[in-house]
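Dear colleague,

Here is the structure I said I would pass on. My notes on it follow below.

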Amino acid sequence: MTSFPPAPTPPTVPAPASPATGPVIGAPLLRALVDAVAPVIVLAADPARVHLHNKAAEALFPALGATDAFTSDVVAPWLVQAQQQGIDALDGTVGERVFRATSQPLPGECTGWLLTDVTEERASLKRLSEERVRTQFLVRASARLLASLNQRRCLRVTAELAAEQLADAAVLLTPTRGRRIAMTRLVRGGVIEETAVSVEVDQVPGLADALAGFPPVPSRWIQPDLAPAWLVPEDFGDLGSLVVTPLPGNGVSAGALILLRRSDQAGFNEEEELFARIFAARAGAAISAAVLYAERTETTGILQRALIPPAIDRLDGIDLASTYRPARAADLIGGDFYDVHPPLLATEARKGVPGETLLMLGDVCGKGPGAAILTGKIRHTIAALRRLEPRHGPLLELLNATLLDDHDARFVTLVLAGVTPAANGRLDLRLTSAGHPAPMLVRADGTVEEAATRGTLIGAVPDITSTTWTTVLDPGEMCLLYSDGVTEARGGPSGREMFGDQRLKDALAECAGMPVEAVVERIELVTSQWLGGGEHDDIALMAIGAPLRGSHLMMVDGRGRGRYTG
């Protein structure tokens with residue numbers, strides 16, 4: 001039988017001290033445990049005396065090593081005040097650190113204070129709050145900057161936002177045509193200044209690089225005392241610091257942003273300089289987009305001026321009205337075109353012989369700027385060829401050969417109208433279609449007649465054919481040239497049915513005796529109602545009318561719209 005030694009006697013554990021004798025401070029293990037935690041201070045009852053503290057507390061408050069007094073000259077005043085006022089928790093500073101102090105009632109009418117270092121936490125929360133503010137600012141800034149494609153407005157908004165959030169004053173410098181630089185400047189709470197200056201950009205360190213799109217130099221490298229007088233606004237005060245940063249654009253710099261702070265303000269730190277660059281990037285993108293839009297608008301305007309008829313001061317004996325509606329309103333231009341060529345000077349010189357006015361309306365294959373460029377070529381080509389060949393058929397053959405030599409894959413349909421005033425207010429018409437819908441004539445009795453002219457489209461095959469049809473317009477009668485955007489407009493109840501020739505004839509029959517301006521507006525309105533807001537091709541209309549009373553003058557504006565003058 002195996003025997004076991006007797007069980008060892010458990011070590012004697014000292015009984016805990018009674019509350020009256022105070023806390024236990026002699027056990028080495030307990031002491032080591034207390035010293036390992038955050039600063040701890042244990043206070044006895046009133047009057048408050050320090051009965052226990054650990055090494056962390058003594059390191060924080062060195063005077064604790066020599067006294068047990070719990071006073072403002074030993075520990076932080078805010079901690080003494082919290083004990084006196086019975087506050088359970090609060091934050092306070094000790095030197096450059098921030099501590100969160102929490103109290104806990106202990107046995108023996110004692111109070112324990114635990115101090116936790118929350119400096120990094122507070123710093124993180126502060127950075128998070130600042131980042132939220134900056135993010136909200138960038139969201140607001142982006143919304144305001146993108147609200148307009150006007151360059152001047154974008155510059156003003158950039159100056160307002162920068163002076164509001166980033167500095168005491170903001171200066172924007174943007175290149176202009178020539179050697180001068182446009183300057184937009186604003187002091188916070190002031191009025192925006194806009195001017196053009198002729199200055200040496202090298203006077204401001206980093207400005208030449210910023211205008212060239214290079215990264216900015218740190219603000220600490222720039223001496224405010226060396227800033228030129230033209231840069232600092234009047235009555236701004238002493239300049240303390242400045243930041244020069246580029247405004248990145250579309251491949252090239254849109255300009256430079258300069259931020260100014262007074263000497264009584266803190267200088268720019270690295271985070272603020274980085275944030276300024278982020279803001280400048282958004283502002284530069286908006287300004288660059290506005291510049292590109294302005295250039296595109298200018299280019300479109302040039303193309304549009306090449307597309308629409310030139311202004312004609314006087315057109316004797318002919319009523320004329322026209323309109324054009326591109327497939328995409330934002331493009332302003334498209335594949336349909338029309339033009340008016342007054343009688344040649346050589347013909348007008350022959351006394352007693354009225355000259356012929358050449359009008360044309362056509363439709364180039366395709367839409368947008370590419371088609372518009374070809375319309376410009378066609379217009380100028382016909383303007384030159386009509387001086388050599390007045391007959392429509394041979395003129396179209398020359399135009400066809402010219403387009404084929406150009407190796408352009410696009411083709412064009414075209415209708416020519418030669419108009420010559422005759423006796424008693426009549427108009428002699430020569431109409432020639434080249435793959436284009438035949439013109440419609442509205443007679444005085446309301447009869448609608450389709451011109452008997454047909455032909456081959458231009459620019460597709462080497463050999464073309466065309467038929468020229470002649471007729472006479474009596475006073476009050478008119479001839480309508482139109483593009484297939486009218487008859488092929490899809491809409492109606494189903495949204496897919498074409499407008500068609502018959503509906504056009506019915507609408508024209510209701511226009512008998514109306515001025516040509518009213519006819520054009522009526523057909524445009526009827527077509528728009530049929531479309532019902534749906535997509536459509538380019539639509540062009542031109543109405544030629546014989547005046548009701550003798551000889552009349554028709555004023556034609558730059559959009560091709562006529563006005564009867566009587």
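**Two loop residues with positive phi**

Glu 109 sits in the loop that joins β4 (97–106) to β5 (110–117). Please keep in mind throughout that this is a predicted model. Phi of Glu 109 is near 55 degrees, a positive value in a residue that is not glycine. Most residues other than glycine have a negative phi. Glu 109 has a relative accessible area of 65%, so it counts as exposed.

Asp 235 is another case. It is placed in the loop between α6 (207–211) and β9, and its phi is positive, about 60 degrees, although it is not a glycine. Because its relative accessibility is 79%, Asp 235 counts as exposed.

**The chain as a whole**

The protein chain has 13 helices and 24 strands. It holds 566 residues, of which 44% are buried. Taking the contacts with a separation of 6 or more, 61% are between residues 24 or more positions apart. The chain exposes about 29300 Å², and carbon and sulfur atoms supply 55% of that area.

**The largest nonpolar core**

In soluble globular proteins, nonpolar side chains tend to be buried together. Here the largest nonpolar core has 31 residues, and those with the most contacts inside it are Leu 247, Leu 257, Leu 259 and Phe 279. At least two residues of this core come from each of α4 (119–145), α5, β6, β9 (239–247), β10 (255–262) and α7. The most is given by α7, with eight residues.

What does Leu 247 touch, leaving aside residues up to four places away in sequence? Its contacts are Leu 172, Ser 253, Ala 254, Gly 255, Ala 256, Leu 257, Ala 280, Ala 283, Gly 284 and Ile 287.

**The largest pocket**

The largest pocket contains about 470 Å³ of space. It is lined by 22 residues, and the closest to its centre are Gln 151, Pro 175, Ala 254, Val 291 and Glu 295. Ala 254 is also among the residues that Leu 247 touches.

Five elements each supply at least two residues of the lining: α5 (151–165), β6 (169–175), β7 (181–187), β8 (193–197) and α7 (270–307).

Val 94 belongs to strand β3 (residues 89–94). Buried here means under 20% relative accessible area, so Val 94, at 17%, counts as buried. Not counting residues up to four places away in sequence, Val 94 touches Leu 60, Phe 61, Ala 76, Trp 78 and Phe 99. One of these, Ala 76, is 18 residues from Val 94 in sequence and 6.9 Å from it in space, C-alpha to C-alpha.

Tyr 338 is part of strand β12 (residues 336–341). Its relative accessibility is 2%, so Tyr 338 counts as buried. How far apart in space are Tyr 338 and Leu 414, C-alpha to C-alpha? The distance is 9.4 Å, for two residues that are 76 apart in sequence.

Regards

Key: Residues numbered from 1 in each chain as written. Predicted model: local features only at pLDDT ≥ 70, side-chain atom pairs only at ≥ 80, totals over all residues. Heavy atoms only, no water. 1 Å grid on protein atoms, 1.4 Å probe; cavity = no way out; pocket = protein on both sides within 12 Å on 5 of 7 lines; lining within 4 Å. Points joined across faces, edges and corners; volume = space filled by probe spheres on them. Helix = DSSP H or I, 4+ residues; strand = E, 2+ residues; numbered from the N terminus. Buried < 20%, exposed > 50% of the residue type's maximum accessible area, 1.4 Å probe, protein only. Contact = heavy atoms within 4.5 Å. Areas by Shrake-Rupley, 256 points an atom, 1.4 Å probe, with all protein chains shown as cover. Core = buried A, V, L, I, M, F, W, Y, C linked by side-chain atoms within 4.5 Å.
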